[in-house]
Amino acid sequence: MITIKNIHKKFRQKDGSDLTVLKNINFKIQEGEFISLLGPSGCGKSTLLNIIAGLESTSSGKILVENKEINGPGSDRGVVFQEAALFPWLSVLDNVKFGLKNANIKENQIEKQALKYISKVHLSKFQDSYPHQLSGGMRQRAAIARALAMNPKILLMDEPFGALDEQTRMMLQYELQKIWLESKKTILFVTHNIREAVQLSDRIVVFGTQPGRIKEIFEVKAARPRKENKGYLLELENRILAVLKEEIEKVMKEEMGDAYNFEEGSLPWDPNRNMGSHI
Ligand SMILES: Nc1ncnc2c1ncn2[C@@H]1O[C@H](COP(=O)(O)OP(=O)(O)OP(=O)(O)O)[C@@H](O)[C@H]1O
């Protein structure tokens, strides 16, 4: 279980003032749960994920993993970012093997384990290819294989499909559900896309902004794998959208000042409820 306890985070700005990015964040993530963080741009989603990864410090509050406070990165937490952070000079196989070489794994097991996870993300045919020879979706699959091969209990994913085209994104959403069902990892997933959050999550933590705080937590009670958001899932999307609308308007007013004149129905929602840079 991950316990997020009273997290506050301030960043010092260039003019010397402090910007409070996260305020009073409290929630628990159960073992094996799939949780999404959804909210307007700048509400601190990535900051919270980085704090849990141990890559960023808190101003106050703490993160407990299995009741132990974390003080930095650890092999219990794997991270996948929006841009697959692969080494360009290494093949897919060597990229996946890289982390395993520093882990406590026997030499003869390293390749076996790497190949197992490359196969899980359906990249076996490309195991000897270099990152520049792969599509964006394949690179992201390789990054997921690399994180999974380390066998972390927790997978932290920061908009992993955000830079991909719609079809690839849908395919990877489906694959991720299958991987999650099989591996039962605890997954924390940051996204801008309501449909993606509803499709993938057990619970969706909706953030408000200025400062970032939890606005509402939605439970998604639907069987998996989920392929299409219809009926109940679509209704849930609309409920989440209603909560987010207020926050998005706040961000737009802040960015546009007097030029902002909101009319009902004027926000440019796309069919996937992907609100681009405003959520
Ligand atoms: N290292 C840093 N130093 C100063 N300010 C920072 C730093 N990292 C993030 N911020 C600020 O903190 C706020 C929250 O950023 P963060 O990236 O966590 O938001 P986000 O919700 O993930 O946004 P997005 O959805 O656009 O990625 C932003 O205003 C950002 O400019």
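1. On the naming: helices (H or I, at least four residues) and strands (E, at least two) are DSSP runs, numbered from the N terminus. Two strands count as paired if DSSP finds at least two bridges between them.

2. Before going further, a word on the source. This is a predicted model, where local features need pLDDT of at least 70 and side-chain atom pairs count only at pLDDT 80 or more, while totals for chains, interfaces and linings use all residues. Residue numbers start from 1 along each chain as its sequence is written.

3. E1 also has a partner in E2: 8 bridges join E1 to E2, again running antiparallel. Lys9 stands opposite Leu22 in E2. The two strands make a hairpin with 5 residues between them, and Gly16 in the turn has a positive phi of about 90°.

4. Put together, 4 strands form an open sheet in the order E2-E1-E4-E5, with antiparallel pairing. Its edge strands are E2 (18-29) and E5 (68-69), each of which pairs on one side only. As a reminder, strands of a sheet pair through backbone hydrogen bonds, either parallel or antiparallel.

5. Buried or exposed, by the C-beta count within 10 Å, for Glu66? Glu66 is exposed, because 12 other C-beta atoms lie within 10 Å. Asn67 counts as exposed because it has 7 C-beta neighbours inside 10 Å. The cut-offs here: 20 or more other C-beta atoms within 10 Å of a residue's own make it buried, 12 or fewer exposed, and anything in between partly exposed, with C-beta atoms placed from the backbone.

6. Helix H1 lies across E1, E2 and E4, and runs at about 120° to E1. Axes are lines fitted to C-alpha atoms, for helices over the stretch in contact, and the angles run from 0 to 180 degrees between N-to-C directions. Contact between two residues means C-beta atoms, placed from the backbone, within 7 Å.

7. H1 turns up again at the ligand. Which element gives the largest share of the shell around the ligand? That is helix H1 (residues 45-53), with 3 residues. The residues around the ligand are Phe11, Val21, Gly39, Ser41, Gly42, Cys43, Gly44, Lys45, Ser46, Thr47 and His192; the cut-off for being near the ligand is a C-beta atom, placed from the backbone, within 6 Å of it. By class the shell has 3 nonpolar, 7 polar and 1 charged residues. In this scheme Ala, Val, Leu, Ile, Met, Phe, Trp, Tyr, Cys and Pro are nonpolar, Asp, Glu, Lys and Arg are charged, and the others, Gly among them, are polar.

8. The protein is divided into domain 1 (2-76 + 153-278) and domain 2 (84-151), with bounds from an automatic or database domain assignment. Their centres, taken over C-alpha atoms, are separated by 27 Å. At the interface, 10 residues of domain 1 are in contact with 8 residues of domain 2. Helix H5 (residues 166-183) gives the most to the domain 1 side, with 4 residues, and that side has 7 nonpolar, 2 polar and 1 charged residues.

9. Next, a few helices. Helix H2 (residues 92-102) has Val92, Leu93, Asn95, Val96, Lys97 and Leu100 as its buried residues, and their cover includes helix H3 (107-120) and helix H4 (136-149). Leu148 is found in H4 and counts as buried because it has 22 C-beta neighbours inside 10 Å. Leaving aside neighbours within four places in sequence, Leu148 is in contact with Tyr117 and Lys120. Leu148 and Ser75 are 73 residues apart in sequence and 11 Å apart in space, C-alpha to C-alpha.

10. Finally, some prolines to check. The peptide bond from Gln210 to Pro211 is cis, with omega near -5°; Pro211 is found in the loop between E9 (203-208) and E10 (213-219). The bond from Arg224 to Pro225 is cis as well, with omega near -5°, and Pro225 lies in the loop between E10 and helix H7 (232-256).
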